[in-house]
Amino acid sequence: MIPTIPQPAFVTWCYRAYVTVFFIYLALPLTVVCVFAFNNSVFPSPPWEGFTLAWFFGTEAPFIGVFNERSIMRSIGTSAFVALWVSGLAVTVGTCNAFLFVRHEFRGKALLYMLMLLPLIIPGVILGISILVFSSAIANTLEDATGLWFDGLRPGLILVILGQFSFITTFATLVISARLQKFDPSLEEAALNLGATKLGTVRQITLPFLMPAILASAIVSVLMSFENFNTTLMLVGSDSPLTITMFDKLKQGSTPVLNAVSLLLIVISAVLGLFSLFFPQRRG
Amino acid sequence: MRSDASKLGFYLLLAPILLWLVVLIILPHVGLFVVSISEKVGPREYQTGLGNYATFFGEPLYWRTFARTAIMSILATALTLILGFPIAYYIAKLSRGRTKTTLFLMCMIPFWVSELVRTFGWMILLRETGVISTGLQNLGLISGPIELLYNDAAIMVGLVYTSILFMVVPLVTTLDSLDDSLIEAGYDLGGTTVSIMREIVIPHAMPGIVSGCIVVFMLSLGNYLTPILLGGKDSLWFTGMIYTQFITRFNWELGSALGFLLLGLSSAIVFLGLKLSKQSLSNTMGRA
């Protein structure tokens, strides 16, 4: 079945119909989430009661909008804090890994590469509990030995950051390595011939070349961190990131304020996602 | 690599990755295993033994949930492949230029949106007072509200929805690399659509099929949100049990054992998938 080989009209028609239905299936849940963010009712369900922006800007109960709901605004702040740390750490380590895997030959490279990929095939919940168990064991040992408190090793933002970092780094490494592989080494040689130092060459030639991949992986890391649920759930302390707050509210029974947050998330992640796709190509 | 300076550079590059892998991946999993084989005999007193694993096999609730999670994940993977393959083929082979980019992007957008939002969307659609139930009533197809949420079919719809992108994307990539002239040659030589699919397209797409299936299976197995929110009170999922042992019951020893079993199952399936298709982990995952 390719365009140059004619097929019976009926078959083509059925195929098109299936593709259409599929895309409706894809769009449906996100569409209803967005639509009901504007419904003038306290439940995110039909019937349609009229258009309102109260779920964004409302100040009077029960119509308290997102921007005036303190628990949600605070958790967005928490998520942003976590995401920036995770993204910064993952991109830094990812860049180092890219140089290591692309530029160096050493014994055990294949094994190390495989270990680097492992976080992709470990379920997020397991990643979360293993870090929880390990850090608590360390905290217990240290506290028994010194009599001091080590709250940083108990469930909380530090563990959330480490937990998300532990698997997002793999993605950053893959994206940045792919770009580094396309780099023409003669550019670096030219810089070295012209008297640049090794570090100066990397800073002025190689890193600018990698910049699109670095930025793209930074954006993808922020997105992945923002929406991570499984690993975060196991490691979260008293400050909960957005997904955890939304999950708690969803279990209690939802109001359209959740639709409003979701709409914002959809818009922001679609914009960031498109940006991460097109950015590397523009400077290709 | 011969000079001391570049040797130093090499070790400086090696340090972060070793720190990351050893401290955050390897040691925690060793720790998890150690906790899973320790039994509590008194307050802060433990002894080594396989008691937690014995509890798992002795208590039908645990191993039945385990089996149920595995079977439903396999089913979700198969469904995702069957539903996703025609879409990937359409995007890779039957659409061109701008249409192709648009369709591909439309597939990607739901993947960027938080799983929580996607699941919330399904809740609005499927619940008793939801969009589908109300819509059907308005059309006069049903007389009273129907509850479509809180059953296994709802879980399946959610699982397929959440993971279909991870199937479509690798499939599009591999199908894109298949030259149209090979398919034409197949037709010229008298092949039928079915035989060309079986002998040319599917063998070529195998790496994509395997990596898609592995990712989808893992995502389903390790999923927590979808089964908890879309499934009813009786729709148990293994990750939910692990969560209960850890956070609600505070029985970390049993929780670790359950966690290790889940990890074992998911690794076994990944290994099996790679062996059956003669692919390696670096080949399949490295291209993601």
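1. In which loop of chain B is B:Pro43 found? B:Pro43 sits in the loop between β1 (38-42) and β2 (45-48) of chain B. B:Pro43 is exposed, at a relative accessible area of 72%. The classes are buried for under 20% relative accessible area, exposed for over 50%, and partly exposed in between, with a 1.4 Å probe and protein chains only.

2. On provenance: this is a predicted model, in which local features need pLDDT of at least 70, side-chain atom pairs count only at pLDDT 80 or more, and totals for chains, interfaces and linings use all residues. Residues are numbered from 1 along each chain as its sequence is written, chains are lettered from A and ligands numbered from 1 in the order in which they are written, and side-chain values use heavy atoms, with hydrogens and water left out.

3. β1(B) and β2(B) run antiparallel and are joined by 4 bridges; two strands pair if DSSP finds at least two bridges between them. B:Lys40 is opposite B:Tyr46 of β2(B). There are 2 residues between the strands, and B:Arg44 has a positive phi near 55° in this hairpin. The C-alpha atom of B:Pro43 is separated by 31 Å from that of B:Arg64, 21 residues apart along the chain.

4. Other backbone angles to check. B:Tyr150 is not a glycine, yet its phi is positive, at about 60°. The residue B:Tyr150 belongs to the loop between α6 (131-139) and α7 (152-176) of chain B and is partly exposed, with a relative accessible area of 44%. B:Phe250 also has a positive phi, near 60°, in a residue other than glycine. B:Phe250 lies between α11 (238-248) and α12 (252-277) of chain B, in the loop, and is exposed at a relative accessible area of 58%.

5. Of the 11 residues of α11(B), 8 are buried, so the helix is largely enclosed by the rest of the structure. Among the buried residues are B:Phe238, B:Met241, B:Tyr243 and B:Phe246. B:Phe250, with its positive phi of about 60°, comes just after α11(B).

6. The interface of the two chains. Chain B contributes 86 residues to the contact and chain A 84 residues, where contact means heavy atoms within 4.5 Å. The area buried between them is about 7800 Å², and carbon and sulfur atoms give 81% of that. Buried area is the accessible area (1.4 Å probe) that two parts lose on being put together, summed over both. B:Trp20, B:Trp112 and B:Phe120 supply 10% of the area that chain B buries against chain A, more than any other three residues. Helix α1 (residues 4-36) gives the most to that side of chain B, with 18 residues.

7. Composition of the chain B side. The residues that touch chain A comprise 62 nonpolar, 17 polar and 7 charged. Nonpolar covers Ala, Val, Leu, Ile, Met, Phe, Trp, Tyr, Cys and Pro; charged covers Asp, Glu, Lys and Arg; the others, Gly among them, are polar. The count of salt bridges between chain B and chain A is 0, by the rule of a side-chain nitrogen of Lys or Arg within 4 Å of a carboxyl oxygen of Asp or Glu.

8. A site in chain A. A:Thr201 is in helix α8 (residues 198-227) and is buried, with a relative accessible area of 1%. Leaving out residues up to four places away in sequence, A:Thr201 touches A:Glu188, A:Ala191, A:Leu192, A:Ala196 and A:Thr206.
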